[in-house]
Amino acid sequence: MNSSLPTLDSDRFREVLSNWAATVGVIAVRDPDDGRIYGTTITSFTPVHADPPIVLVSLGAGAQALPFLQEDARYVINLLAEGQSRIASVYADSYPVGPSPFPDDGPPVVEGALAALHCRVNSLVAVEGGNRLVLGWVEEADLDPDARPLLWHCRATTT
């Protein structure tokens, strides 16, 4: 065992972090070849910088959106609103089933979301287990000032 690696048990780490409330979102990208949308539910989203606006998303190796997130690719981070937990559940699955919450063309924005950040990939950073950190420039932002966020806390969605 490498003595420089952390020794905290991963189950304990997950337990502690389950008490951290996070806004639930869906990162979505439209395939430039056929127009299909690929989305992945996220709770690992972090604003990094305000000027220029940069955000970070952590994606697992099997995330549906990941193969389409190459340098300069455009994508949308949809921060979901309360009442959109079904969308979060659908895109947490490897093979989302059901009606699409996205428009037939244009950016993949979820109607009724709290916010939509229109981004362009700045860089991808490989991390343990094939996961990737996606850093993106925010080029546009939509906000519904009356919406309330859908939150993930203690391994469940809440408002």
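Contact here means heavy atoms within 4.5 Å. Welcome to this predicted model, where local features need pLDDT of at least 70, side-chain atom pairs count only at pLDDT 80 or more, and totals for chains, interfaces and linings use all residues. Residues are numbered from 1 along each chain as its sequence is written, and side-chain values use heavy atoms, with hydrogens and water left out.

**Around V110**
- V110 touches N78, L80, Q84, I87, P101 and F102, leaving aside residues up to four places away in sequence.
- V110 is buried (under 20% relative accessible area, with exposed being over 50% and partly exposed in between, for a 1.4 Å probe and protein chains only), at a relative accessible area of 2%.
- You will find V110 in the loop between helix 2 and strand 7 (115–126); helices (H or I, at least four residues) and strands (E, at least two) are DSSP runs, numbered from the N terminus.

**Helix 2**
- I87, A88, V90 and Y91 are buried in helix 2 (residues 85–92).
- These residues cover an arc of only 165 degrees around the axis, so they sit on the same side of helix 2; the arc is that of the directions from the helix axis to the C-beta atoms.
- S89 and A92, on the other side of helix 2, are exposed.
- Strand 2 (25–30) and strand 3 (37–42) are what the buried residues of helix 2 pack against.

- V110 and N19 are 91 residues apart along the chain, and their C-alpha atoms are separated by 27 Å.
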